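I opened the notebook to look up charged side chains and how they pair. The entries follow the order in which I checked things.

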Amino acid sequence: MPIIDPRAAQNFQSELLSGETVYWAGQPNRGVIFHSDDWTMIPFSLLWGGFAIFWEASVLGYWDFGSKPTQHHAPGFLVLWGIPFVVMGQYMIWGRFFFDGWLKRRTYYAVTNRRVLLLQDGWKRKANFIFLESIPEISRDGSANGSLWLGPKLPILGSRRQATRSLNRYSFDPVPVLADIDDVDGVYRLILDLREKARGKT
């Protein structure tokens, strides 16, 4: 049986239904953890960020070797156009790791005899849950420390018609994820057992 973190469990007391019992509660591991999709995301972010900086430098005249930057008069629209892409590139390269660390300290998970609950005290308090018998499938990453997807594991990048997920895996939508939890194998087996019991009662 996975260990219940008392601090995490305390945050769910106001969320519990009558007769609901907590079987596990915890938080994401606070260390920097690389995931399988980082093999795609890191090269993509470096390409995006590098091209955005190259574009902005070109517009400002830093690649115009025949003149000084101060002599290059770029249209103000082109200068402003590149700024959001530079900012997004920097977020994808390194900013998301700092943001993830900030969210990890404010994210809590719990498994009860009836539901899986997710709670986040970020910019504002957000809560989400899914009844055990309603979980369509469970996808698992890792065995000691890892993540559980309570539904199909969506890609970060995809076609226009394909469903994708947020760059931040601590977002609760569109598929709830218990991200970077310790003893992921124990929590996985617990949810499977409780789901089968819940479905047996219906």
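I first wrote down the exposure terms: buried means under 20% relative accessible area, exposed means over 50%, and partly exposed lies in between, with a 1.4 Å probe and protein chains only. The model is predicted, so local features need pLDDT of at least 70, side-chain atom pairs count only at pLDDT 80 or more, and totals for chains, interfaces and linings use all residues. Residues are numbered from 1 along each chain as its sequence is written, and side-chain values use heavy atoms, with hydrogens and water left out.

Entry on Glu 15. I found Glu 15 partly exposed, at a relative accessible area of 26%. I took a salt bridge to be a side-chain nitrogen of Lys or Arg within 4 Å of a carboxyl oxygen of Asp or Glu. Glu 15 forms one with Arg 125, at 3.3 Å from N to O. This pair joins distant parts of the chain, 110 residues apart: Glu 15 sits in the loop between α1 (6–10) and β1 (22–26), and Arg 125 in strand β4 (residues 125–131). I noted that helices (H or I, at least four residues) and strands (E, at least two) are DSSP runs, numbered from the N terminus.

Entry on Arg 125. Its relative accessible area is 43%, partly exposed. Arg 125 also meets Asp 121 in a salt bridge of 3.5 Å, N to O. Asp 121 is partly exposed, at 27%. I recorded Glu 15, Asp 121 and Arg 125 as a linked network of salt bridges.

Entry on Glu 20. Its side chain forms a salt bridge with Arg 115, at 2.8 Å from N to O. Glu 20 lies in the loop between α1 and β1, and Arg 115 in strand β3 (residues 115–121), 95 residues away. Are these two buried or exposed? Both Glu 20 and Arg 115 are buried.

Last entry. The structure holds six salt bridges.
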